[in-house]
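Take a moment with the model below.

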Amino acid sequence: MTLLNTNYFYLCHSNQFYLFILNNLQMFNNTILKNTVSVLLLLFFFFKISEAQQTEISGRITDAVTGEYLPFVNIVYNDKGNGTVSDIDGRFKFNALRLPDFLKFSYVGYETKIMEAQSVSDFQNLSVSLQPKAYLIDEIKVFPGINPAHRIINLASENRKINNPENLNSFSYVAYDKMHFTFDPDSLSELKSKKEIEKDKKKRPERYTESVDSSDINARQFIQDQHLFIMESIIERKFKKPDLNKEIIISSRVSGFEKPTFLLMATQFQSFSFYDDLIMVGGKKYLNPLSRGSTTDYFFLLEDTLYTERNDTVFIISYQPHKNKNFNGLKGILYINSNKYAIQNVIAEASNPEKELFTVKIQQEYQLVDNHWFPYQLNTNIIFHNAVVETSTRKMKLLGIGRSYILNVRINPDLPNKIFDEIALEINNRGDTLSPETWNAYRVDSLTEKDQRTYHIIDSIGKAEKFDSKFRNIETLLLGYIPLKYINLDLGSILDYNDYEGFRLGIGGKTNKNISTVFSLDGHVAYGFKDKALKYGAGFTLNLNQKHETFLKLSYLDDLAESGGYHFLGSEEIFNSESYRNYMLENMDQVVKKEILIGSRLLKFLTLNASVNQSYRTTTNDYSFVVNESNPVITTNGFQFTELALQFKYAFREQFMLSPLGNRFSNGTKYPVFYGNIIKGTTILNGNYEYLKVEAKITKSIEYKKLGTTRLQLVSGMASGDLPYPVLYNGHGSFKHFTLESENSFATMRMNEFLADRFVSLFVKHDFGNLFFHSEAFHPDFQLVNNISFGELKKPSVHANINFQTLNKGYYECGVLINNVLRQNIIGYGFGVFYRYGPYSFSQISDNFAYKLTFSFNL
C-alpha cells in the first residue's frame with residue numbers, strides 16, 4: 001500500500017496510470033475487492049479520456065455594421081437543438097463532446113448565420129458578426145389559436161414572487177460599476193478617414209475645404225483614441241426584507257476628478273431586477289411585460305427555444321405593446337428558463353421613445369446562486385438626443401455606456417437592523433482609496449488602452465481646470481446658493497415677486513465651510529418696489545451634531561408674512577408648483593420676530609424643531625380686531641405674540657443620498673408622510689394672547705400599473721381662543737383671472753375670501769401621464785383635480801373692516817390640466833381649467849371658472 005499511496009498523485013496524470021494500478025493489485029488479497037477496484041479504475045480511465053476529448057468553443061459576437069457587442073445571441077450546435085446564449089457582452093464559451101458539425105447563431109432583428117465545421121479552422125476565440133435585417137418590430141404576427149408564448153409568460157408571472165431577489169429575506173453583494181461616454185458607433189462609421197477623403201476629393205473637389213478635411217479627421221481620430229469621460233466605482237450593498245437598504249460606495253474613480261462628488265450607477269437608470277409591476281428605465285416607470293394580466297397589454301412572440309446542458313429549456317420571447325394600447329410600455333426580448341420559469345436574460349427599452357433629453361436601453365443577465373436566480377450583470381446604454389457635436393459633415397450624438405457586475409453575492413445572510421439607517425446611499429469623500437491591484441481584482445475586464453488614455457488625458461485637464469472645485473460649486477447651486485469664497489449667496493433672495501410688494505429686489509446668504517464647519521451666519525436685506533419698504537433679517541446657527549442634523553439657531557426678522565397662512569416643516573420641494581402661490585399673495589403682515597430654535601433628527605424618520613419666539617405683527621390693510629365685544633369701538637391692528645412651538649415631520653422609510661460634501665438629497669418614500677405643528681400662545685414675555693394651535697398634514701402618492709398616479713394631501717388646522725386674523729386660516733386660495741397653477745391650493749377661491757379658526761381640506765390630483773395622448777409628436781400629460789374644504793369660525797363679529805365668508809357649507813372645485821403641450825428640453829408648458837361648484841358657487845357661471853398656465857420640469 002505504501003507504493004500505491006506514494007505514487008498516486010504523481011501517476012494519475014500519466015498515460016501509464018491504469019497499467020500501474022493493475023500491476024499493483026496483487027497487494028489486495030480479496031478477489032472481490034480486487035475486481036471492484038478494476039471496474040472502478042476502468043470507469044475512471046474512460047471518463048478521463050472522454051473529458052480530454054471535449055472541445056472548447058468560444059468567441060464573441062458583434063453587429064456587422066456598428067461593431068457593437070450583441071448580448072444573448074442564440075447559439076445551437078447540434079440537430080437536437082442543444083445550445084447556449086452569448087453573455088451580456090456578446091461572449092460565449094462552452095464545451096462539446098466532439099467537434100460540432102455546425103454553429104447556428106440567431107438573434108431577433110438579425111440575419112441567422114450558420115458556420116459549417118469545415119469552414120472553421122479554430123473553434124476558440126471565434127469572431128462572429130451578424131448582419132442586421134429589415135426587421136420591423138411594429139409588424140405584429142397573428143396566429144390562429146392560443147399563442148404558445150402566453151403559457152410561458154403566465155408561468156413566469158406566477159413565479160415572480162419566488163424569483164424576485166428583493167423577496168429574499170436578505171442579501172448582500174459588491175458591485176463593480178463602469179460607465180464611459182463617447183459618440184455613438186454610427187458616428188465613427190459615417191466619418192471619413194483621411195484616405196477616404198482624399199479619394200472622394202478627387203471625384204467631388206467642390207465639397208471639400210481644409211476645415212472640412214481636418215474636422216472629420218480629428219473627430220474620427222478622437223473617437224478611436226479615447227472616450228470623452230469615464231468613471232468607475234465599487235459599491236457594497238446590503239438588503240433586508242421588506243425594504244431596508246444600504247449602499248456604500250467604497251471607492252470611486254472619475255476622470256478629471258481627484259475626489260469625485262458624483263457618480264452614475266446602473267441602478268439609477270434601471271430597476272435592480274425585472275420583477276416589479278412597474279419597471280424603472282431611465283428614471284421613468286413602465287408596465288412590466290411580466291405583470292399580472294400582461295398578455296392583454298403586450299404582444300408576445302416565441303422566437304426560439306434552446307436546450308441547455310442542465311436539461312433546462314430556455315424560451316426566447318420578444319414583446320411589445322399591442323397596437324391601440326396606450327400605456328407606458330417596453331419592447332425587447334425575454335429569455336425565460338424553465339428552471340422556476342425565471343428570467344435568465346432580458347433586453348428592454350421604451351416602446352415609443354419620446355423626444356426627451358435622453359433614451360435608455362437596458363440589459364440584464366441572471367445566474368443561479370444557491371438555487372436562487374440573482375442579477376449578475378446590468379448594462380445601460382444612454383443616447384443623449386440634445387447633446388450633439390457637429391463636424392463639418394456630420395452630427396454626432398453623445399452616448400453613455402454603463403456596465404455593472406454583481407460580485408460576492410451572499411443569499412440570506414444575517415444582517416442586523418442597526419446597520420440600516422436613513423442614509424441609503426453614501427459616497428465617501430476620500431475619492432480613490434484602493435490600490436491598483438485591488439481595483440484589478442474587482443474589474444471583470446481590465447482597463448483598455450482607450451480607458452487608460454482617457455484617464456490620463458482627462459485627469460490632466462481636470463487638474464488644470466480645477467474640476468473638483470467647479471463641481472462642488474454645482475452641488476451648491478442645486479441647493480439654491482451661488483458659492484463664493486466665504487459666503488454662499490441665496491439665489492431666491494435676489495429677485496422675487498408677490499402682489500403686495502410687487503417686484504422684490506434683495507441680497508441674502510450665509511457663510512460656508514471655509515469660515516467654519518461649526519457655525520454659520522446668515523442674513524438678508526430686500527426692498528419691495530410696490531410697498532416701498534425695506535426688509536431685513538439675520539441669524540446665527542451652531543451645528544451641534546452633523547450625523548443627527550442637530551443645530552441651534554438664533555434669529556431676528558423684520559419682514560413680511562402671509563396673514564392667515566400656515567407652514568409645515570420641510571415641505572418645500574424644488575420642482576413643486578405649490579410655491580407658485582407665493583406670487584399671488586396680497587394680504588401680508590409686517591412682522592418683527594425674535595426666535596430661538598433647536599432642530600434635530602431624533603429618530604431615523606422623525607425630524608423635530610422646537611422653538612420659542614416673540615413677535616409683533618401689524619396688518620397692512622384696513623383690518624381691525626375687536627378687542628372687547630361689549631365695546632366694538634376698541635379695536636387694534638397690531639398684535640404681540642409669544643409662542644412655544646413644536647414642528648415635526650415623520651416620513652417612514654424615507655431614504656437619502658449623502659454626498660461627499662455632507663448634503664442630503666431625499667429619495668422619497670412610498671409610505672404616507674406626516675407633518676405636524678403644535679403652537680402654544682402664552683402671555684409670558686409680554687404676549688397678549690393665550691391660545692393653542694394644532695395643525696396637521698398628510699401626503700401620499702398611489703401608483704397604478706396603467707392608470708398613472710394619484711396624489712393626495714389632507715390638511716387641517718385648529719386654533720382655540722379669541723384670536724385675530726393673522727393667526728387664523730384664510731382658506732388657501734390661489735385665484736387670479738389667468739395665472740400659474742399652484743398645486744394643493746384652491747384655484748377658484750379668491751385670495752383671503754374665507755376665514756376659519758378650524759378647517760380641513762382635501763386635495764386630490766390624478767395624473768394619467770400621456771395615457772390619452774401618446775404619439776411621438778404630441779404627448780401631453782392629462783390630470784384631473786378635485787379639491788374640498790370645510791371649516792368654521794366661532795366669532796365672525798370680532799373681525800372688522802374686512803370681507804370674508806366661512807366654510808361651514810363646504811367648498812368644492814374640480815379641474816382639468818393638460819401639461820407639457822409644448823416642451824423645451826426639460827421644461828414643459830401647458831394649461832388648465834378649474835370650475836367652482838356647490839354652495840359657494842357664483843350665480844354668474846363664467847365667474848366660477850379659473851384658467852391656469854402650467855409650468856413643469858421633466859427630468
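Predicted model: local features only at pLDDT ≥ 70, side-chain atom pairs only at ≥ 80, totals over all residues.

Among contacts between residues at least 6 apart in sequence, 63% join residues at least 24 apart. The chain has 859 residues, and 47% of them count as buried. Its secondary structure comes to 11 helices and 44 strands. The chain exposes about 43000 Å², and carbon and sulfur atoms supply 56% of that area.

Now go inside. In soluble globular proteins, nonpolar side chains tend to be buried together. Here, the largest nonpolar core has 40 residues. Those with the most contacts inside this core are Phe 274, Phe 300, Tyr 319, Leu 330, Leu 334 and Ile 343. Strand E16, residues 342-350, gives the most to the core, with 5 residues.

Pick out Phe 300. Beyond its neighbours within four places in sequence, Phe 300 is in contact with residues including Ala 149, Ile 153, Tyr 319 and Leu 334.

Next, find helix H4, residues 148-158. Its buried residues are Ala 149, Ile 152, Ile 153, Ala 156 and Ser 157. Why do they sit on the same side of H4? They cover an arc of only 135 degrees around the axis, so they share one side. On the other side of H4, Pro 148 and Glu 158 are exposed.

What covers the buried residues of H4? The cover includes helix H5 and strands E13, E14 and E15. Finally, look at the N-terminal end of H4, which Asn 147 caps. A side-chain oxygen of Asn 147 lies 2.9 Å from the backbone nitrogen of Ala 149.

Conventions:
Residues numbered from 1 in each chain as written. Heavy atoms only, no water. Helix = DSSP H or I, 4+ residues; strand = E, 2+ residues; numbered from the N terminus. Buried < 20%, exposed > 50% of the residue type's maximum accessible area, 1.4 Å probe, protein only. Contact = heavy atoms within 4.5 Å. Areas by Shrake-Rupley, 256 points an atom, 1.4 Å probe, with all protein chains shown as cover. Core = buried A, V, L, I, M, F, W, Y, C linked by side-chain atoms within 4.5 Å. Arc of directions from axis to C-beta. Polar contact = N/O pair within 3.5 Å; in protein donor to acceptor, adjacent residues only side chain to side chain.
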